[in-house]
Amino acid sequence: MPEEINDNKNAAVGIASDNGGENNLPADKRTDSFSADNSALLSLVTSCITLPVLAIIILALLQQPVWQLYVSVGALITVNLTAWLNWIFARRNRAQIGIGILLGVFFLVSLFIGFVINDLYIALALAVIAITLLLTGQSLKERASNRIIIAGVFVASIIVLQTLFTPWPRFNLPATISQWLPVLDVGLLLVLFIIVVYQFRNYKLRTKLLVAFTGLSLLAIAGELIYYTSSTEKILTDNASAVLLDAAQQTASSIDGFVNRNLDAIRAESRIPVFVHFLTEDSYLSHDGLVDNTNAVLRALSLKDPIYINSYALLNRAGVVVADTFTLDIGLDKSDREYFQLAVESGVPYVSQVRFEDQHPFLYFSSPVRDAGGNIIGVLVARYNAAILQRLVAQNNGLAGRESSSILLDEHRIVIAHGVSPELNYKSLVPLSQVQLNALQAAEILPSGTSEELSLGLVNLDAGVQNANAIPVFQAEAHEIGAAHIDQVAVRPVKSKGLDWYVAFVQPQEVFLSPIRAQTQNTLGFAFVISAGAMALALWIAHFLASPLTRLTQIAKTVAGGNLDTLAQIESQDEIGILATTFNSMTRRLKVTLDTLEDLVAVRTAALEQRSRYLEASSEVGRAVSSELDPEVLIANVVDLIQEHFDLYYVGLYLVDDRREWADLRAGTGSAGQAMLARQHRLLVEESSVVGWCIIHDQSRIIQDITMDKVYQGMPELPDTKSESVLPLRARGRVIGALVVESTESSFFESDIVSVLQIMADQVATALETARLFAENQEALEATSRVYGELNRQAWAELLHSSRNLAVQSDGRGVHVLHDLPEHSPGDIDAAVSQVTPPGDAEVPDSSRISIPIKGLGGVIGTIETRKPQDMGTWTTEEMNLLEELTDRLAQALDGARLYQDTQRSAIREQLTGEITANIRAEVEVEALLTKALEELGRALGAKRATVQLEVEE
């Protein structure tokens, strides 16, 4: 047997020598034939391979000087020096020593860089394989060639596997550098391909088989991996973009809601009668009780949000602060401030940009204060700490998924709120010129500081925000230059009038692409294991090759061309037959390996698609529950959606009654659900039922086979149920019901389905609780409105009862007050209401005289009667609308006047009571005190006679 092996080796040597040249030399002299030219080629290729890697590491070192990069630079310089040292050894006929030193240094440096830097493992593995294949193409001894191949495969495998599967931390290259790594990898792959093509005819048969088998397997794996990765990455990117856009819109809407609520609030607050009276009478010049009342109201308004409201101020028509909760500002002239000027000029509430005052950022809301004639007599100003914008932005962190956050930018693309890095607030995205910086600081838009201190250098983010109307989603560095990742950014504008703000919602790409990247890493590891196995198998087969068999070589080329169904014909039982059998076995294994890998990719793809469908279903249910406040409609929609998206046999929803004794069926799908709802199906909340057990224990209950569960109680309407899952509905820390889902398949409810269903159950429970709270708030609001309306109605009734001459008439003789008018009965007022033509009618027939009700806060308080001469035509819809609008304005003014009178009477009464009390307390004798009390009461009430009698009951 040893003799046969030696013969095979000699045959292999003869095949290699067919190419002529130095291969004709005996094996023991091949080392000497490794000339200086070959060593120079090896040194040159090694330098060409390592220099791009060295350049990338140096660029990263300039951005982030860390010890890993310093050591890696030194190691790569050492490799280049060793490469040329190898050439010197070859010139002195010591090529084997030079090759050994070069390979040892190169392999150790590659392993070290792979251990400390996370992103270069593919480039390093390709470089190691390229050097290995370059050396095996030279005229080396067979044993040396075998050792080089084994060492190269081992080192490349270790580099890849330790990067993919070892837990220690490694340095990540900056995103601006790592984005060029694919170019480096492709370049090294091209170098490897050139080396293989150039040296292929010099390879031994063993090496040729090795390259063919592993190359094809890696090519198929790489093709499948690239297609799978690119398609899945696109899906994940599109989904993330949609979620980010929605999150950006929600955040922008929350900013709009905050601004609009405060504008509405300050509009209403500016109409408070005490402010009008205070500014109308110039009461701030005196020290009577109205000043105290005004300050008390301002303080009460500032306490709406004591954390973020800095002050409430009242400015007179000249812009001077006449009342302020921040007392140091009283008396200051602020007529030059935009929140005063624009409020006066426009006559409507105004919200300012973020402005710095004493190096503190503030947001101002202002509204003009008008007197009874509608004239602007001052401005009410609310000053908010701009940190409230940071709170509004930060509360939406994670809205688009893990590590997602938002950034609020103003019209100058200055960060005014950052979800995760508030230290970046009030800095420009791009560097500012000194002129721009001075202008922004003079306008109080930026605090004091230099351009370097107040800019972030995020040029790509700035360009994307400017082009957001055309391309709302883009990629950019959103936190800092040189970050280890690129962010996906979605931009939506804030729509509040006067605010040219933008919300940028960002999420690192590595977060939402982590599933596919983890899968890619696992697939790469699996591919390298397969490749290493294929290499080992090829080496083992090549060891038994005896001679260059033309027929077997042709079959090998056919297999290398991709036809794995071709088999070698076994013609004998000698070495040729054994080789053919082994070749056929290897071909079948390779085909099985590829088929298995394709099946695995298909299974993983199907699983990912299924998860995507689950997430889509959860998202749709979330949208459904968030857009509906009617509990009955909400739960009916939810059960239908869940049944449709998960292809379930039945879905039902139970809610616990107030006494938590029964769980009532509130919604069910299909005819079975309708039947159970018709008979008012309910279950006791006890452990004897699956629903009761789930509610009591606040746990889901999964029954994969109903025939094996002792607690399960079937329903006659659901005869085909094979498996069931019951999930608790949790809201505010308590269980309010249960969601029942049933399938006609056994073992249907896997962990992924149950997890998604539980998420949707929690969404439904939260939505139901929200709907309940909304209904309670609506009832409370309606009750409050009824009480307030009744109080206003009583106040008007008392006023009209005491003053029967509240009527004014305008005719050709002028305007005069009417006396001794009869009181209007409810029927009169109803008749007035019925005579008003609804808007939209073209004309009002017989309209020489019409009556329009005056509707105050407590109901109808009077009417306006008007006549139109017949020669002027009939009343048109436009004229009717004008009369109704004027009547509404009159009603508001009347309510304000009545409230003012009530306030004035109360103030007079309090003042009179205070004076009488003070005068009485001045007396110390009982008789004098009683005498004084009678005098004061008689004077105050105009009484002619009053008696005070003291006696003690026996």
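## Contacts around Ile-57

Contact here means that heavy atoms lie within 4.5 Å. The structure is a predicted model. Leaving out residues up to four places away in sequence, Ile-57 touches Leu-69, Ser-72, Val-73, Leu-76, Ile-113, Ile-117 and Leu-120.

## Nonpolar cores

The largest nonpolar core holds 53 residues, and Ile-57, Leu-120 and Leu-173 are the ones that touch the most other members. Two or more residues of this core come from each of helix H3 (36-63), helix H4 (67-91), helix H5 (95-116), helix H6 (121-136), helix H7 (142-165) and helix H9 (181-199). The greatest contribution is that of H6, with 13 residues.

There is also a second, separate core of 52 residues. Among its members are Leu-244, Val-351, Ala-417 and Val-494.

## Helices H11 and H12

Helix H11 (residues 273-280) and helix H12 (residues 289-302) have axes that come within 10 Å and cross at roughly 135°. The two helices are therefore oblique to each other, and their crossing is left-handed.

On the H11 side, the contact is made by Val-274, Phe-275, His-277 and Phe-278. H12 contributes Leu-290, Val-291, Asn-293, Thr-294, Val-297, Leu-298 and Leu-301. Sorted by class, the residues of this contact are 8 nonpolar and 3 polar, with no charged residues.

## Asp-462

Asp-462 belongs to helix H16 (residues 459-466). Its relative accessible area is 6%, and because the cut-off for buried is under 20%, Asp-462 counts as buried. Apart from neighbours within four places in sequence, Asp-462 is in contact with Arg-413, Leu-429 and Val-430.

Definitions and conventions: Residues are numbered from 1 along each chain as its sequence is written. This is a predicted model: local features need pLDDT of at least 70, side-chain atom pairs count only at pLDDT 80 or more; totals for chains, interfaces and linings use all residues. Side-chain values use heavy atoms; hydrogens and water are left out. Helices (H or I, at least four residues) and strands (E, at least two) are DSSP runs, numbered from the N terminus. Buried means under 20% relative accessible area, exposed over 50%, partly exposed in between (1.4 Å probe, protein chains only). Axes are lines fitted to C-alpha atoms, for helices over the stretch in contact, and angles run from 0 to 180 degrees between N-to-C directions. Angles under 35 degrees count as roughly parallel, over 145 as roughly antiparallel, 65 to 115 as roughly perpendicular and the rest as oblique. A crossing is left-handed if the near helix is turned anticlockwise from the far one by less than a right angle, and right-handed if clockwise. Ala, Val, Leu, Ile, Met, Phe, Trp, Tyr, Cys and Pro count as nonpolar, Asp, Glu, Lys and Arg as charged, and the others, Gly among them, as polar. A nonpolar core is a set of buried Ala, Val, Leu, Ile, Met, Phe, Trp, Tyr and Cys residues joined through side-chain atoms within 4.5 Å.
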